[in-house]
Structure formats: structure tokens, C-alpha cells
Amino acid sequence: MFAVVRTGGKQYRVAAGDKIAVEKLAGEAGDTITLGDVLLAGEGDDLADASKVSVSAEIIAQAKSEKVVIFKKRRRHNYRRKAGHRQQMTLLRIVDVGEGSKKAAAKKPAAKKADEAPATEDKAADKAPAKKAPAKKASTAKTASAEKPAAKKAAPKKTAATKAPAKKAADKDSGDA
């Protein structure tokens with residue numbers, strides 16, 4: 001059975017076992033996706049109802065296409081610019097072309113497992129901040145009290161020894177004049 005599917009603004013004729021390169025799709029290598037936009041389906045000369053057909057594919061890899069070189073030049077003005085671009089693409093292997101109801105049932109249990117995992121993480125996250133919050137308040141109070149005495153001791157006291165050199169310098173200036 002074959003189908004014509006639309007993805008990334010382009011149309012592809014696919015059958016089971018085909019490998020195609022399409023515009024980048026979300027997912028990692030090994031994930032299974034469903035191409036739901038089926039335009040035409042059939043086998044040989046017989047056409048089937050395209051609305052009932054779905055195409056499932058496996059992502060082989062996320063890759064980049066060949067480089068496209070952009071070169072700009074204006075003659076007699078010494079103006080040359082060279083740039084390149086590599087478009088992101090996804091390599092797909094078509095697994096099955098057939099009725100869509102079987103594939104939709106297979107995806108629902110996988111979604112439930114993903115929903116359960118964050119629920120357990122939320123419980124652990126709720127417990128951890130409750131224990132850490134009182135410790136932070138106690139430590140900030142200790143550091144604030146420790147800083148105040150240190151500020152008082154930081155001011156140096158003037159003694160007679162520190163005043164004497166200043167007087168001698170003043171006497172030397174007045175004696176020269």
C-alpha cells in the first residue's frame with residue numbers, strides 16, 4: 001500500500017520500508033511518529049479513503065542537508081561576500097501505511113507514563129525546600145551579628161607615635177622657608 005503525505009510544505013509518496021528526508025521534525029533517533037496529513041492512499045490502481053489512513057514512521061536521525069553557498073559580488077567595487085547554509089532535516093523510515101485507529105491506541109499509554117514521572121518529582125521538590133528554608137534564616141542571622149563587631153574594630157586609633165612624624169614634617173617645611 002502507498003500513500004501521499006504532506007509534511008514541511010512538501011509532498012512525499014511513501015510505502016512501507018521507504019526512507020525519506022523531510023524538514024526537521026521534533027523527536028530523537030528511535031522515536032516513532034505519525035504523519036497524519038495523508039492526501040492520497042491506495043494499492044496499485046485502487047484508491048482508498050485517505051481520511052482513514054495514517055502513516056507511521058521511525059526517526060533514523062536528525063541531520064543537516066548539503067551546504068548551499070551564497071556568493072555576492074559587485075564588480076569594480078571590491079565587494080565580495082561568501083556565506084553558507086545547511087538546512088536541518090530529519091531522516092525517516094516508513095514503518096507502516098494503514099488504518100489510523102491502531103496507531104492512535106498505541107500512543108496513549110506512552111503519554112500516561114510521561115505524566116506520572118513529573119508527579120513524583122513534584123513531591124520530592126516540595127519536601128526539599130521546606131527543610132532548607134529554616135537553615136538559611138538561621139545562618140543569615142549569625143552572619144549579620146558577626147559583621148557588626150568587625151566594623152567597630154576596623155577603625156585604627158591614633159597614638160603619639162603616629163602624630164610625631166607629622167609634626168616633624170611640618171617643622172621641616174617651616175624651617176626651609
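Start with the sheet: select β3, β10, β7 and β4, and you have an open, antiparallel sheet of 4 strands in the order β3-β10-β7-β4. Strands here are DSSP runs of E with at least two residues, numbered from the N terminus, and two strands pair if DSSP finds at least two bridges between them. Look at the edges: β3 and β4 each have a single partner strand, so one side of each has no neighbour in the sheet. On average, neighbouring strands of this sheet are turned by 45° against each other, direction ignored; the axes are lines fitted to C-alpha atoms, with angles running from 0 to 180 degrees between N-to-C directions.

A word on what you're looking at: this is a predicted model, where local features need pLDDT of at least 70 and side-chain atom pairs count only at pLDDT 80 or more, while totals for chains, interfaces and linings use all residues. Residues are numbered from 1 along each chain as its sequence is written, and side-chain values use heavy atoms, leaving out hydrogens and water.

Next, zoom in on β4 and β7. These antiparallel strands are joined by 4 bridges. Click I33 and look across to A57, its bridge partner in β7.

Now select T90, in strand β10. Is T90 buried or exposed? It counts as buried because its relative accessibility is 0%, and buried means under 20% relative accessible area (exposed is over 50%, partly exposed in between; 1.4 Å probe, protein chains only). Its side chain makes a polar contact with the side chain of Q62 at 2.7 Å. That term covers a pair of N or O atoms within 3.5 Å; within protein, one must be able to donate a hydrogen and the other to accept it, and residues adjacent in sequence count only if both atoms are side-chain atoms. Leaving aside neighbours within four places in sequence, T90 also has contacts (heavy atoms within 4.5 Å) that include I20, V22, L25 and I59.

On to the largest nonpolar core, which has 19 residues; V14, L35, V38, V55, L92 and I94 touch the most other members. Such a core is a set of buried Ala, Val, Leu, Ile, Met, Phe, Trp, Tyr and Cys residues joined through side-chain atoms within 4.5 Å. Strand β7 (53-64) is among those supplying at least two residues, and it gives the most, with 4. Pick V55: beyond four places in sequence, its contacts include A3, V5, V14 and I94.

Finish at V5, in strand β1. V5 is buried, at 1% relative accessible area. Its C-alpha lies 5.7 Å from that of D37, 32 residues apart along the chain.
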